[in-house]
Amino acid sequence: MLAVCAFAVLIAGCGLKEKYAGEWKDACIANLNEIQTAKQHWALEKRKTEKDTPFGTDLYGTAGYVKKEPVCPAGGTYSINAVGQKATCSIVSHNQ
Ligand SMILES: [Zn+2]
């Protein structure tokens, strides 16, 4: 990424793109935290263990723990994963 920026004709444009990427990442991490909280509520209420994995339909929706299914602002796809694991984004750099 740095090399691409160095050779870019529009340096300012490149910096702007990185700024957006940072905001997308922050928004994505907030989404992942929201999913994680929903998973913990689900596990508590449904008496599930850390090895159980909820479906999207268990967590999202007007009757669910998150009203609207979170979407990665950069176009990544979320994996809910088991309760004992973190929810992840398909964009590797978003998983922190
Ligand atoms: Zn993401």
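Modeller: Welcome! Let's start with a definition: a residue is buried if 20 or more other C-beta atoms lie within 10 Å of its own, exposed if 12 or fewer, and partly exposed in between, with C-beta atoms placed from the backbone. The model is predicted, so local features need pLDDT of at least 70 and side-chain atom pairs count only at pLDDT 80 or more, while totals for chains, interfaces and linings use all residues. Residues are numbered from 1 along each chain as its sequence is written.

Biologist: Is Arg47 buried or exposed, and why?

Modeller: Arg47 lies in the loop between H2 and H3, and its phi is near 55 degrees, a positive value in a residue other than glycine. Because Arg47 has 7 other C-beta atoms within 10 Å, it counts as exposed.

Biologist: What pattern does the chain follow along the sequence?

Modeller: Helices (H or I, at least four residues) and strands (E, at least two) are DSSP runs, numbered from the N terminus. The chain has three helices and two strands. Read along the sequence, their pattern is α-α-α-β-β.

Biologist: Which residues does Leu32 contact, leaving aside its neighbours within four places in sequence?

Modeller: Two residues are in contact if their C-beta atoms, placed from the backbone, lie within 7 Å. Leu32 belongs to the largest core. Leaving aside those neighbours, its contacts are Lys86, Ala87 and Cys89.

Biologist: How many Å separate the C-alpha atoms of Glu23 and Ala74?

Modeller: Glu23 is found in helix H2. Because it has 12 other C-beta atoms within 10 Å, Glu23 is exposed. Glu23 and Ala74 are 51 residues apart along the chain, and their C-alpha atoms are separated by 9.6 Å.

Biologist: How far apart in space are Asp58 and Trp42, C-alpha to C-alpha?

Modeller: Asp58 sits in helix H3 (residues 56-59). It is partly exposed, because 17 other C-beta atoms lie within 10 Å. Asp58 and Trp42 are 16 residues apart in sequence, and their C-alpha to C-alpha distance is 7.6 Å.

Biologist: Where is Asn81 found?

Modeller: Phi of Asn81 is near 65 degrees, a positive value in a residue other than glycine. Asn81 is partly exposed, because it has 15 other C-beta atoms within 10 Å. Its place is the loop between strand E1 (78-79) and strand E2 (88-89).

Notes
Core = buried A, V, L, I, M, F, W, Y, C linked by C-beta atoms within 7 Å.
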